[in-house]
Amino acid sequence: MSNAALSLTHTLREAARHGEQAVLLCSFQKEESVLVDELLRLDQGTADAVRIVTIDTGVLFEETLQTWRAFEERFGVKIEVQDASNGGGGTGTPWSGPEHCCSDAKVAALERALAGVEGWITGIRREQGPTRAKTELIERDEKRGLWKYNPLAHWSDKDLWQRIHERDLPYNPLHDQGYESIGCAPCTQPGSGREGRWAGTDKTECGIHEHA
């Protein structure tokens, strides 16, 4: 087993110790295909307690919604939803660009998902870009007073695709259309790394991982 695979399993096992006080944040990208699969291969009693949460902005790609259904069918999990759509997010502002969504509605939904928890699991990888290049497997989120687990920190795109194909895991078909990073439909274009996110702007993060 490779060092990357070992770090994934070990870090997830540490996160799962929190049981119901742990949240896996799921955006139905290739990273979550690997994370959810590996989580459910841990001791069943431990893995089942971890909450899998997605933030629904109301403007997700249809392909992302299809992947959501595929996850529930393949893995037999129920995805907990935090509503960040216009109205549900409470902003009352139309989704017309990143200045009206990411910084407010998505972060507010995240805070609701993490209320009272001890740790959260992310799909952050160092390879994704300069703002994430120093990501550690386990970090302390001092702002929220909890542990942040990044089991894929040392994984490459090649590692992810090898695992997905080896285990025939469901994945977002937009990845086959040149979308390496997938967010909301209005603000995401095909691109390598995170170049397709908020294309044409200086924005690189939605606020969820502001210290990543």
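A polar contact is a pair of N or O atoms within 3.5 Å; within protein, one must be able to donate a hydrogen and the other to accept it, and residues adjacent in sequence count only if both atoms are side-chain atoms. The model is predicted: local features need pLDDT of at least 70, side-chain atom pairs count only at pLDDT 80 or more, and totals for chains, interfaces and linings use all residues. Residues are numbered from 1 along each chain as its sequence is written, and side-chain values use heavy atoms, with hydrogens and water left out.

View 1. The side chain of Lys-30 comes to 2.7 Å from the backbone oxygen of Glu-180. Beyond four places in sequence, the contacts (heavy atoms within 4.5 Å) of Lys-30 include Arg-125, Asp-157, Trp-161 and His-175.

**View 2. The open sheet of 6 strands.** Strands (E, at least two residues) and helices (H or I, at least four) are DSSP runs numbered from the N terminus; two strands pair if DSSP finds at least two bridges between them. The order is E3-E2-E1-E4-E6-E5, with mixed pairing. Strands E3 (80-83) and E5 (138-141) form the edges, each pairing on one side only.

**View 3. Pairing of E1 with E4.** Strand E1 (residues 22-25) runs parallel to strand E4 (residues 119-121) over 3 bridges. Leu-24 is opposite Ile-121 in E4.
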